[in-house]
Amino acid sequence: MAKWEETEDVEGDRKTFVPLENNPEVFTALLHKLGVAPTLGFYDILSLDDQDLLAFIPRPCFAVLATIPAEAYAAARAVDSAVDMPIYDGSGASEPVIWFRQTIGHACGTIGALHAVSNGGAKAFITPDSDLDKLLKAAVPLKPKDRASLLYNSAELEAAHSTAAQMGDSVAPLPSEENYNHFIAFVRGDDGHLWELEGGVDGPIDRGVLGEADDALSEKALQLGIRPFLEKATSAANETINFSVVALAPALD
């Protein structure tokens, strides 16, 4: 896997956020603060296999956002040939998904939430002229490096993250503390493919074609995306891993 040239990551000078808890209320609050309609939010996924539990998630599901411990994540990436790709340099409205390179420390949760809401059907819930709407309109024509700088310098994104970071059931860690988790978003792109989006790799990863009726939580999407990733992580780590998964979907009536 190639490495980005981290021009912003000068030792002692890198912007660092307080890590977010993978909690549906936290991520929903973050999106609403940025200007997403209150009719869209995140929901806990209690099982990736039990259809009765999956039935509690509103549909369509636009994105699945998972957090995985760093060691298990690294083990899964080590055996994942999909990350051996050229550094992505796409831009423009014709991209099937918009992808953000992460240069802000501990911001992987916020980047994951942005990937979830900025692609596919979730885009329709972004309020016109909101902070997020303006941010995305500015980001679309930019190359990945300039998109990263746009996020890095966004006061609105930093303020929304700061508000969300104070929520949750656990004590928010300090920005200086080590972060032990990675966030990965799986979304249905405008091209009908399942895309894996994470700001710490070299670009968006195409995980395959979905059926016309498949959303991000369909059986096919689960088979192409989060399930095999977790299987790789568990097998490579040679132990059961703790992970958390949430879904982005319309509000329940």
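Modeller: Among contacts (heavy atoms within 4.5 Å) in the protein chain between residues at least 6 apart in sequence, 76% join residues at least 24 apart. This is a predicted model, where local features need pLDDT of at least 70, side-chain atom pairs count only at pLDDT 80 or more, and totals for chains, interfaces and linings use all residues. Residues are numbered from 1 along each chain as its sequence is written, and side-chain values use heavy atoms, leaving out hydrogens and water.

Colleague: How many helices and strands are there in the protein chain?

Modeller: Helices (H or I, at least four residues) and strands (E, at least two) are DSSP runs, numbered from the N terminus. Here the protein chain has 9 helices and 6 strands.

Colleague: At what angle do α1 and α4 pack?

Modeller: Axes are lines fitted to C-alpha atoms, for helices over the stretch in contact, and angles run from 0 to 180 degrees between N-to-C directions. Helix α1 (residues 24–34) and helix α4 (residues 108–117) pack at about 65°, their axes 11 Å apart. That makes α1 roughly perpendicular (65 to 115 degrees) to α4.

Colleague: Which residues of α1 and α4 meet?

Modeller: From α1, Phe27, Leu30, Leu31 and Leu34 meet Gly109, Thr110, Ala113, Leu114 and Val117 of α4.

Colleague: Is α4 mostly covered or exposed?

Modeller: Buried means under 20% relative accessible area (1.4 Å probe, protein chains only). In α4, 10 of its 10 residues are buried, including Cys108, Ile111 and His115. Across the protein chain, buried residues make up 53% of the 253 residues.

Conventions:
Parallel < 35°, antiparallel > 145°, perpendicular 65-115°, else oblique. Buried < 20%, exposed > 50% of the residue type's maximum accessible area, 1.4 Å probe, protein only.
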